[in-house]
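Good morning, and thank you for coming. I would ask you to look at the sequence and the structure together as I speak.

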Amino acid sequence: MKYRFVFFDVDSTLVTIEGIDELANGNPEIAALTNAAMNGELPLDRVYAKRLELIRPTRGQIEALGRRYVETLVEGAEETIARLKEAGAHIQIVSAGITQAIEPLAARLGIAATHAVALQFDEAGNYVDFDRRSLLTKPGGKELVVRALLARSKGHSAFIGDGVSDLETKGVVDLFIGFGGVQSRPRVKENADVFVEERTLAAVLPYLIDHD
């Protein structure tokens, strides 16, 4: 096993959609904010609260997003996770997405460890706030989360993601793979240790596990 610890982003990596844009139902202002953050043009903390305040998603909408995540798995995602688990990898999700929406996807893929951002709702299921203590809503947050996770572990590590917030983990892990099968972002492509442009997530496997 080349890499004992393998971390995955969710949006445009494990799935073909951006969850926040799905919730926004095509709102161009929110889509522009998402792209600006993922391309590194705006810091994440400047757009995170603003997008959620504009959308104010209900609990029902988050549950529906969870179902959409399962429906929009990237080609090869299930095969990739299964092969990595068979090889003995410890797989974790690290995402600035919404915990309650990501959990059904993680369950489908058999990933037990999920690090994301929980939303808060009132008794009627209306949006109240998000976990403002979460490092994942801030610039450099993924790096800090992954660093803390690896501090308690021994073994080589890899991170797979599509955005600039994922790229921030490059200095913490042994291998950063940029996944461009859904969104090819120039800054990620230029700076990743490895960049794959195939539409199937299985394209990352040769870099992560030894050949039989």
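In what order do the 6 strands of the open sheet lie? Please bear in mind that this is a predicted model. The order is β3-β2-β1-β6-β7-β8, and the strands pair in the parallel sense. At the edges stand β3, residues 113-117, and β8, residues 194-196, each of which pairs on one side only. From one strand to the next, the twist averages 20°.

Strand β7, which covers residues 175-179, pairs with β8 over 3 bridges, in the parallel sense. Within this pairing, I177 stands opposite V194 of β8. Elsewhere, helix α5, residues 77-86, packs on the sheet and touches both β1, residues 5-8, and β2. The direction of helix α5 makes about 160° with that of β1.

I turn now to the aromatic rings. How many aromatic pairs does a search of the whole structure find? The search finds 3. One of them is formed by F7 and F159, which are stacked, with 6.3 Å from centre to centre and 20° between the planes. Is F7 buried or exposed? F7 has a relative accessibility of 1% and therefore counts as buried. F159, at 0%, counts as buried too.

F159 also takes part in a pair with F176: the ring centres are 6.2 Å apart and the planes lie at 20°, so this pair is stacked. Here again distant parts of the chain are linked, with F159 in strand β6 and F176 in strand β7, 17 residues apart. F176 has a relative accessible area of 0% and is therefore buried. F7, F159 and F176 form one aromatic cluster.

Next, I would draw your attention to S95, which is found in strand β2, residues 90-98. Why does S95 count as buried? The reason is its relative accessibility of 1%, as a residue is called buried when that value is under 20%. A polar atom of the S95 side chain lies 2.8 Å from the backbone nitrogen of G97. Leaving aside residues up to four places away in sequence, the residues that S95 touches include D9, V10 and D11, and also H115, A116 and V117. I102, L136 and K142 are likewise among the residues in contact with S95.

S12 is not a glycine, although its phi is positive, at about 60°. S12 is found in the loop between β1 and α1, the latter being residues 19-24. With a relative accessible area of 1%, S12 is buried. The other residue is R56, also not a glycine, whose phi has a positive value near 50°. R56 has its place in the loop between α3, residues 44-55, and α4, residues 59-71.

Conventions
Residues are numbered from 1 along each chain as its sequence is written. This is a predicted model: local features need pLDDT of at least 70, side-chain atom pairs count only at pLDDT 80 or more; totals for chains, interfaces and linings use all residues. Side-chain values use heavy atoms; hydrogens and water are left out. Helices (H or I, at least four residues) and strands (E, at least two) are DSSP runs, numbered from the N terminus. Buried means under 20% relative accessible area, exposed over 50%, partly exposed in between (1.4 Å probe, protein chains only). A polar contact is a pair of N or O atoms within 3.5 Å; within protein, one must be able to donate a hydrogen and the other to accept it, and residues adjacent in sequence count only if both atoms are side-chain atoms. Contact means heavy atoms within 4.5 Å. Two strands pair if DSSP finds at least two bridges between them. Axes are lines fitted to C-alpha atoms, for helices over the stretch in contact, and angles run from 0 to 180 degrees between N-to-C directions. Rings of Phe, Tyr and Trp (its six-membered ring) pair if their centres lie within 6.5 Å; planes under 30 degrees apart count as stacked, over 60 as edge-to-face and the rest as tilted.
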